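The following exercises are to be worked with the sequence and the three-dimensional structure at hand. Each task is followed by a solution in steps.

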Amino acid sequence: MTVQAQLHCLCLFTLYLTTGYGQDGRFSGPLKPMTFSIFEGQEPSQIIFQFKANPPAVTFELTGETDGIFHIQQDGLLYHNRALDRETRAVHKLQVSALDAHKAIVEGPVPITIIVKDINDNQPTFLQPKYEGSVRQNSRPGKPFMYVNATDLDDPATPNGQLFYQIVIQLPQVNDVMYFQINNKTGAISLTPQGSWELDPVKNPSYTLMVSVKDMGGQNENSFSDSTSVDITVKENIWKAPAPVEIVENSTDPHPIKITQVRWNEPGAQYSLVEKEKLPRFPFSIDQEGDIYVNQPLDREEKDSVSKTGRSLRPSPYVFYVDAKDELGKPLALPLQIHVKVKDINDNPPTCPSTVTVFEVQENEKIGNKIGILTAHDMDEMNTINSILEYRIVDQTPKSPREGLFLVDRLSGAFQLAKQSLKKQDTPQYHLTVEVSDKDFKTLCHVQINVIDINDQIPIFEKSDYGNLTLAEDAVVGSTILTIQATDADEPFTGSSKILYHITQGDSEGRLGIDTDPQTNAGYVVIKKPLDFETAAIHHIVFQAENPEPLVDGVKYNASSFATFNLFVTDVNEAPQFSQQVFQAKVSEDVAIGTKVGNVTAKDPEGLDISYSLRGDTRGWLKIDPVTGEIFSIAPLDREAESLYRVQVVATEVGGSSLSSTAGFHLALSDVNDNAPRLVKEYTGLFFCHPLGEPRSLIFEATDDDQQSFRGPHFTFSLGSNSLQNDWEVSKINGTHARLSTKHTGFEKRVYNIPILINDGGRPPLEGTVSLPVTVCTCVEERCFQPAAHQSGMPTVGMAVGILLSTFLVIGIILAVVFIKMKKNKGRDNVENAQAPEVKPLRN
């Protein structure tokens with residue numbers, strides 16, 4: 001083999017190994033337009049393609065953007081002799097022509113496109129070696145305040161040109177907390193939430209960041225990188241709430257009046273006010289310079305509310321918020337809270353607590369003792385000179401036995417007995433006029449003082465022993481069983497003479513109570529709770545009579561204020577009593593027959609034995625042990641039939657009067673997977689129009705009767721026959737729905753019954769096979785059309801006409817026979833009537 005032939009073979013082998021293939025993947029072929037992709041930076045003398053000449057062509061010529069790199073040999077071998085650089089030229093547009101022996105073009109020129117594919121051969125570079133910026137403290141986290149930018153000459157459509165920014169160092173770094181963050185893709189620098197909260201120009205007026213940029217999206221350890229420094233100055237935040245504002249109420253100055261102002265850190269912000277509490281009218285406004293105005297005079301008492309004690313009003317300032325938003329309506333920062341206090345002036349007179357204030361004083365009250373306190377009101381601000389009140393008695397009626405019997409404290413309004421004790425029989429009532437004043441206003445209030453009798457007499461029972469009384473234990477609750485009576489010599493219808501009765505012994509469980517007649521002081525002993533022979537058959541009752549008012553010193557209750565009474569309770573046969581009204585139990589629905597599912601307990605008050613039975617066991621699932629009360633299953637349980645099975649348990653005493661009582665027994669059945677999946681409904685009328693222009697599908701839904709989890713059922717679906725897999729397929733949509741689809745369009749017109757296997761995935765899993773009938777038919781107006789065919793058993797039109805004529809003929813014959821027979825009977829009757837006028841019975 002010659003050296004030239006060996007070199008040619010070597011060139012072809014090299015061509016096969018390089019990436020310079022045409023779009024059809026071959027490395028040689030006829031002259032035609034082609035596109036080649038070649039990575040930049042490859043070694044020179046790389047073969048691209050071998051063009052073949054068709055006679056009379058004997059050689060080739062290359063023109064276009066060769067840049068002295070691309071060449072073609074006479075035999076059509078296209079190659080490049082230097083490494084390509086995508087950043088110099090990404091696409092080379094070449095033309096190849098086939099020439100004959102006389103250098104004339106016989107074919108072409110045809111376009112040849114060389115696409116230079118990128119490799120990562122360029123380092124990213126920041127546009128500036130150093131960046132400077134500033135940020136206001138408390139700026140919104142995540143909002144960029146500056147950018148850093150880098151460029152990379154590599155193809156941005158490939159990872160080679162995809163840049164990744166990262167903050168490497170923050171100086172200073174306080175407590176290892178990063179105050180700044182950068183968008184990895186855009187280079188936007190913003191504050192972190194901690195930076196927004198903690199940046200303070202007083203503590204650290206500036207920060208330096210070292211920022212790096214990497215290509216390959218920062219995901220490759222061989223990526224190139226660059227770095228730069230960023231100096232950031234922290235500026236003071238001027239978006240701050242102003243000091244609380246104080247406005248004098250009821251101002252007569254022209255409105256609106258500027259009261260305060262706010263400013264955003266930069267011009268162009270849009271300001272608005274937001275109420276914190278809903279008011280009948282909101283008297284403030286703000287302009288777009290940030291100046292806040294009050295639009296009308298304010299009334300402090302209108303804004304404030306009166307406390308429950310009736311004292312002067314506490315100051316309640318106006319509180320509202322100021323929002324600053326950008327031109328798109330987005331908040332620039334958190335809103336500021338504005339406090340406006342309305343300064344009080346004395347514009348309200350004192351008011352009395354009521355039309356007449358009533359006090360009581362006992363007739364033996366000591367001189368200097370307090371009688372009561374008059375508390376007047378003032379709507380002006382509490383604890384100011386405007387609301388300080390003074391009290392003074394200006395008149396006393398009557399003035400007997402002397403004037404000036406009462407004193408009032410000038411500041412507190414407390415009344416005292418001044419000169420002597422009072423006697424009710426002399427003067428039972430006094431009327432005082434009291435002047436209440438603040439520094440500008442005066443008001444007259446009226447006080448009535450009633451002299452009341454002192455409680456120096458004790459209640460005395462009319463008799464000390466009310467004897468014995470026998471009652472059955474089923475006596476009606478609420479019935480009165482005894483009336484007792486005590487008297488008191490103090491003034492009638494006062495706290496000193498009113499009598500209250502109490503049972504001090506013999507009724508520890510509170511089965512009895514005593515109601516007092518307010519007119520007669522009689523006491524009615526009433527049954528408050530059911531009596532119980534088994535608990536206490538005899539009650540030795542002790543009554544006490546006392547007054548709601550305390551006795552005066554030296555007087556005490558004695559034996560005259562006590563009385564006794566004996567109550568005997570007789571036994572009554574009572575029905576058994578269950579320990580609870582409803583017994584509950586829970587078992588799995590698949591428990592074995594004979595399993596104990598619960599038990600009930602009851603006791604007979606008289607101690608008799610009890611027999612248990614069931615009532616309302618409509619499904620025949622349960623039985624009860626008549627002695628122990630244990631309940632057992634006697635048939636299979638089914639949660640799907642009844643998830644909570646309710647029956648009644650009857651407890652009957654054995655012997656005696658056979659009294660009984662009932663209680664409920666509720667048996668909750670927990671689910672087991674015992675129901676196979678099924679279709680949620682019967683699917684009829686499913687059809688596809690013939691011929692099928694494309695594969696078709698339909699959706700169906702499955703369910704089962706078992707209890708579902710909170711996530712719902714999770715059925716799986718498959719074809720029930722392997723022989724159908726070439727024609728049909730089933731795909732799951734979700735836990736309950738699936739799609740039946742055709743796999744081709746070549747179906748005949750007929751009904752296809754498709755078996756579907758549905759698995760519920762339970763424990764244990766259950767499967768059900770259902771059938772979906774699908775008709776492939778001719779469609780008219782998108783509806784399945786099937787010509788009517790003669791069915792066996794159905795008459796034709798001719799048969800129907802024949803049947804109808806035969807029916808009419810039979811009816812006509814019957815009518816004719818009846819008519820002839822009636823005429824014969826009529827003639828015979830006429831003859832008989834002429835021969836025998838006597839009455840004869842009718843013939844059958």
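A residue is called buried under 20% relative accessible area, exposed over 50%, and partly exposed in between (1.4 Å probe, protein chains only). This is a predicted model, in which local features need pLDDT of at least 70, side-chain atom pairs count only at pLDDT 80 or more, and totals for chains, interfaces and linings use all residues. Residues are numbered from 1 along each chain as its sequence is written, and side-chain values use heavy atoms, with hydrogens and water left out.

**Exercise 1. Describe the chain as a whole.**

Step 1. Helices (H or I, at least four residues) and strands (E, at least two) are DSSP runs, numbered from the N terminus. The chain has four helices and 57 strands.

Step 2. Of the 844 residues in the chain, 36% are buried.

Step 3. A contact means heavy atoms within 4.5 Å. Among the contacts with a separation of 6 or more, 65% join residues 24 or more positions apart.

Step 4. Accessible areas come from the Shrake-Rupley method with a 1.4 Å probe; for residues, only the protein chains shown count as cover. The chain exposes about 48,200 Å², of which carbon and sulfur atoms supply 53%.

**Exercise 2. Examine the backbone at lysine 103, asparagine 521, proline 398 and proline 691.**

Step 1. Most residues other than glycine have a negative phi, and most peptide bonds are trans.

Step 2. Lysine 103 has a positive phi, near 65 degrees, and sits in the loop between β7 (91-99) and β8 (105-117). Its relative accessibility is 57%, so lysine 103 counts as exposed.

Step 3. Asparagine 521 also has a positive phi near 65 degrees; its place is the loop between β36 (512-516) and β37 (522-527). Asparagine 521 counts as buried because its relative accessibility is 14%.

Step 4. The peptide bond between threonine 397 and proline 398 is cis, with omega about -10 degrees. Proline 398 belongs to the loop between β27 (390-397) and β28 (406-408).

Step 5. Histidine 690 and proline 691 are likewise joined by a cis peptide bond, with omega about 0 degrees. Proline 691 lies in the loop between β50 (686-689) and β51 (697-703).

**Exercise 3. Determine which side chains of strand β41 are buried, and identify a pairing partner of the strand.**

Step 1. In a regular strand the side chains alternate between the two faces of the sheet.

Step 2. In β41 (residues 582-588), Phe583, Ala585 and Val587 point to one face and are buried.

Step 3. Two strands pair if DSSP finds at least two bridges between them. β41 pairs with β48 (residues 660-670) in the parallel sense over seven bridges, and alanine 668 in β48 is the bridge partner of lysine 586.

**Exercise 4. Classify two aromatic pairs by their geometry.**

Step 1. Rings of Phe, Tyr and Trp (its six-membered ring) pair if their centres lie within 6.5 Å; planes under 30 degrees apart count as stacked, over 60 as edge-to-face and the rest as tilted. The count by this rule is 26 aromatic pairs.

Step 2. Phenylalanine 51 and phenylalanine 60 form a tilted pair, at 6.5 Å centre to centre with 40 degrees between the planes. Phenylalanine 51 counts as buried at 1% relative accessibility, as does phenylalanine 60 at 7%.

Step 3. The ring centres of phenylalanine 284 and tyrosine 318 are 5.3 Å apart and their planes stand at 75 degrees, so this pair is edge-to-face. Phenylalanine 284 lies in β21 (residues 284-286) and tyrosine 318 in β23 (residues 318-325), so the pair ties together parts 34 residues apart in sequence. Both phenylalanine 284 and tyrosine 318 are buried.

Step 4. One aromatic cluster is formed by Phe36, Phe49, Phe51 and Phe60.
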